[in-house]
Number of protein chains: 2
Amino acid sequence: MLGRVLNTHQQWLCRQLSDAGYEVVRQVAVPDAAEAIGEAVEEALQRADLVLTTGGLGPTSDDLTRAEISRRLGLETHVDRGVLEVIEEFFRRRGREVLESVKVQALVPEGAVVLPNAHGTAPGLRIEVPSRARGGGRAAHVVLLPGPPRELRPMFAEQVLPWLLRAFPPSAERAARVLRAAGWGESAIEETIGPALAGLVAEGLVLGYCARPGDVEVRLESRGEGAAGRVAAAESVVRHRLGGAIYGAGEETMEGVTVGMLRERGRTLAVAESCTGGLVAHRVTNVPGASEVFLAGWVTYSNAAKTRWLGVPAQLLAEEGAVSAAVARAMAEGVRKESGADYGLALTGIAGPGGGSPAKPVGTVFMALAEACGTRVEHHLNAMDRETFKWIASQQALDMARRELIESDG
Amino acid sequence: MLGRVLNTHQQWLCRQLSDAGYEVVRQVAVPDAAEAIGEAVEEALQRADLVLTTGGLGPTSDDLTRAEISRRLGLETHVDRGVLEVIEEFFRRRGREVLESVKVQALVPEGAVVLPNAHGTAPGLRIEVPSRARGGGRAAHVVLLPGPPRELRPMFAEQVLPWLLRAFPPSAERAARVLRAAGWGESAIEETIGPALAGLVAEGLVLGYCARPGDVEVRLESRGEGAAGRVAAAESVVRHRLGGAIYGAGEETMEGVTVGMLRERGRTLAVAESCTGGLVAHRVTNVPGASEVFLAGWVTYSNAAKTRWLGVPAQLLAEEGAVSAAVARAMAEGVRKESGADYGLALTGIAGPGGGSPAKPVGTVFMALAEACGTRVEHHLNAMDRETFKWIASQQALDMARRELIESDG
C-alpha cells in the first residue's frame, strides 16, 4: 500500500524513539510485496542492531511481513495455542464469528517473544537474530508491530520501549525541546533568534525549524555533557525574543493551550463560524474537559442563519456584506449574548475556491472576539486552498483568544 | 526533522506516481543532516534512474539538501539572477523586507534545470547525473522539490510529471482502482469478496486492503495485457457483493459523496452535534459548494443549549439522559424544524475519556436523521480514543444520511 496510506505510525514511532534519547537514522517504506519487505529488512540488519517494522501482520492476503521475515531468517512458524485463544476470545466478546482467515495471526516463528495485542487480534513479535544469520557482528533484534495506530501505540509504549531502554540504553546525555510559534514566518523567526543563539550553536546546540500553515516549530536539541543546560538556555533566549508568539511546547496544541487557559481562569467560550464551518468548535472539543468551558457553537453559513440566531441585522449584511469587519463584530457580540459565555468568538470569510472579488479576494477573513469590556476585530488574508484556509483561520482565531487571555492577566 | 513532521508529501508523491503508471519501490526518510541526506541519495542512485527528494531547499540553517547533493555530484553552484529577482519580487508583493537568508534559495548547481515555484521562494531543481558520476550505467536524474505541500504539489503536477511521462514513459499496460467501504470490517470484506475474485487473482489481479477507523479501502490493481478489463471486472464483483457499503472510489470522501447527492437532489441539511463537537459540520463544509445544501450547524454541548436552541424538552433530558435515543431524535427533529432544512442530522454520545458509566460506556453514541416522513435513530459503540471516536461517529452519521438518500430514490 506504499503511497496509499499515510505513515502516521512511522512518524509517531520516530518521535517516541527520539524523545527516549535514541537517534533515528533511517525510515524506509516499501510496497506490500514479500520481496520488497524482506530485502528492506535484510538491508536494515546490515546497518542496525535494532529493526522495527510496522504493519503486514493482519489477516488479509496482502499481510506478508510475518511469513517473509520468518522465511528470510530461516525460522519455522507454528500456531501458538495461547495466541489463538486470545484471538477467538476477541471475536466472541464482540459477538462476531471467528473467521478462518484471522487464524494466520496466531502463527509465531520459533524462539520469538509474543507481544500481546490489547486492542486488536495480531500480536507483535520480537525476534533475536543471531550473529551468524547476519553474517557476523553481534546479535540483532527485529520487532514486528501491527500497523493500526491504536494497536501499535500501546504495544510500543508498554512492551517495546521498556525492553529497549533495558536492552539498548541510550548512551549519551541528550536534551531536546520543541517550541511552537504562531503568526510569524520561518525566516523572520530565524533572523530574530539565530544571531542570539550563535554562541550556543558553537557549543553544540542544534537548531531546527519546521514551517507549517499557521505554525512554526522551533526545535532545540543537544547531545553530550551540558546538553540540558544548553537547551534550557536556548529556550530562554527564544521565549525572550519571540515573546507571546510562542504558544506552546512539545506536543501542546493551540486548542489545548487556549482551553487550558479558559479552565484555569474559570471563563467560558462560545463560537460562531461561517467560513471555518465548525472547525474551531471541532478543535476546541478535541480537548478532553472542553465541556467545562465551551458552551455552544453555531455554524451560520447563510445570511438568514446569521440574522435569525445571532441577531446580525439584515441591513448590516446588505450594506457591508457578510464578509466584513462589522458582521464579524455583530456575530461575536451576538453569540456572546445568546450563549451567556464570557467570550464570543466569530469568523466570517471566503474559503474559496469560488466567491472572491477584487475587493474581497478568496482567503479574506474577518474575526472578532467579544467580551464584557469590548470587541476586537482582526483581518487576515490567507490565500490558500480551502482546507488550509480553514485551518489557518481557526489557528488565528484561537490565537486571538489566547492572546486576549494573556493580556487580561496583565 | 525525521519523526517530527508527518510525511504527507511523500505519500502524495507516491500516489501521483502510482496513478500515472509508475511503481514506487522505495521511500526513504532521513534526518536533516548533510551526511544522511547525501548517503541516501547516493544509495538511491545505485538502485534507480530517477530520484526525487522533497524538502531542505528553504532559507534556514537546517536546509541542506541543495548544497549537499551539489557537493556529492561535484557540481559548482552559482547565484541565478533570474531566480533571485523572482524571490525579491515575492517578498515585495507581500510588503515584506527581503531577508539576507532567503538568497541562498537562488543558488543553482551548474547544468541544473530550474523549476519555478509559483507558491513560495525556493525553486525546484532537475539535475542530470552523467553515467560516470554513477560509476557506470546510463544517465540518471535527481529532482529536488520543496517540502511544503502547497509548493510541492503544483510544481510536481505541472513541471515534473509532464517531463517524466516524456522522459520515462510507463512501460506496461496498467490499471488500478480504489473502492471505499464503510460499516464493514476488513476480514469480513475479504471473506465476502475474496473467493469471488480468486479467478481474476489467478489471471493477475492484485488485491489490497487497508483498514482505517470507519473505513476500509479495497485496492484493485493489474498489469500487462487485459489489465483494465480485469480491474473493471473485479470492481463489478466487489460492488455486487458489498452493495451500498461502497460509498466511493479513488479520492472520494464520505462528505464529498453525501454533499454531492444532496446537491443533485436539490435537498438541504442542518446538523446538531454534541459529542462530535462540530466535526460533522467541518467535514461537510470542506466540500466546495457545500453552502448550497448546508443551512446551519449547532454544537450544543450543554443540556441548556439543547433545550434552548433545539427545543429538546428538559424533562426528556432528565428522564432519558442527554446520551439517549430519545434525545438524539429530539435534537434531529429540532434542528430540522429550526433551520427549515430537508434533513436534520444529530449526534449525542460520550467521547471520553471521562463521562462513561456501565450502562453507557465511553464510546456510546446515538445518531438520528429526521426528514418529512419520519426519523431514524442508530446506536453505535465506538470504544476508541476521543479523536478517533469523533471521526468514526462523524463517518457513521454522514453514512446514515448517504444511505437514506440512496433509499429515497428507490
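In what order do the four strands of the open sheet with antiparallel pairing run in chain B? The order is β9-β10-β8-β11. Keep in mind that this is a predicted model.

Let me stay with that sheet. It is open, and its pairing is antiparallel. Its edge strands are β9 and β11, the latter spanning 246-249 of chain B. Each of these two pairs on one side only. From one strand to the next, the twist averages 25°.

Now look at one pair inside the sheet. Strand β8, residues 174-181 of chain B, is joined to β11(B) by three bridges. The two run antiparallel. For a landmark, find L179(B): A249(B) in β11(B) stands opposite.

Two helices pack on this sheet. One is α6(B), which touches β8, β9 and β10 of chain B. The direction of α6(B) makes about 170° with that of β9(B). The other is α7, residues 227-242 of chain B. Helix α7(B) touches β8, β10 and β11 of chain B. Its direction makes about 15° with that of β8(B).

Next, another sheet of chain B. This open sheet has four strands too, in the order β2-β7-β6-β5, and the pairing is mixed. Which strands stand at its edges? They are β2 and β5, with β5 at 113-115 of chain B. Each has a single partner strand, so one side of each is left without a neighbour in the sheet. Direction ignored, neighbouring strands here are turned by 20° against each other on average.

Where does the mixed pairing show up? Take β7, residues 140-145 of chain B. With β2, residues 50-54 of chain B, it pairs in the parallel sense over five bridges. In that pair, L52(B) stands opposite V143(B). With β6, residues 124-129 of chain B, β7(B) runs antiparallel, and five bridges join the two. There, E128(B) has H141(B) as its bridge partner. Also, L125(B) stands opposite L144(B) in β7(B). Helix α2, residues 34-47 of chain B, packs on this sheet and touches β2, β6 and β7 of chain B. The direction of α2(B) makes about 155° with that of β2(B).

On to a helix pair. Two packed helices are described by the angle between their axes and the distance between the axes. Helix α8, residues 254-265 of chain B, packs against α13(B) at an angle of about 30°. Their axes are 9 Å apart. The crossing of α8(B) past α13(B) is left-handed. On the α8(B) side, the contact residues include M254(B), V257(B) and M261(B). On the α13(B) side, they include L398(B), A401(B) and L405(B). The residues of this contact divide into six nonpolar, two polar and four charged.

Now the two chains together. How many residues does each chain give to the contact? Chain B gives 68 residues, and chain A gives 68 residues. Several elements of chain B give two or more residues to that side, including α1 (8-19), α6 (186-202), α9 (279-285) and α13 (386-409). Among the strands doing so are β1 (27-29), β9 (206-212) and β10 (215-223) of chain B. Strand β13(B) gives the most, with seven residues. By type, the side of chain B that touches chain A holds 32 nonpolar, 22 polar and 14 charged residues.

Strand β1 of chain A, residues 27-29, and β1(B) pair in the antiparallel sense over three bridges. To find the spot, look at Q27(A), whose bridge partner in β1(B) is A29(B).

How are the copies related? Two copies of a chain are related by a rotation about an axis and a shift along it. Here, a rotation of 180° with 0.0 Å of shift along its axis superposes chain B on chain A, with an RMSD of 0.0 Å. That is the relation of a two-fold axis. The same surface serves both copies, as 100% of the contact residues of chain B recur in chain A.

Last, the domains. The domain assignment of chain A gives domain 1 (8-167), domain 2 (174-249) and domain 3 (254-409). How far apart do the C-alpha centres of domain 1 and domain 3 of chain A lie? They lie 46 Å apart.

How values were computed
Residues numbered from 1 in each chain as written. Chains lettered and ligands numbered in written order. Predicted model: local features only at pLDDT ≥ 70, side-chain atom pairs only at ≥ 80, totals over all residues. Contact = placed C-beta atoms within 7 Å. Nonpolar A, V, L, I, M, F, W, Y, C, P; charged D, E, K, R; others polar. Pairing = 2+ DSSP bridges. Axes fitted to C-alpha atoms, helices over the stretch in contact; angles between N-to-C directions. Left-handed = near helix turned anticlockwise from the far one by under 90°. Least-squares fit on C-alpha atoms with pLDDT ≥ 70 in both. Domains from an automatic or database assignment.
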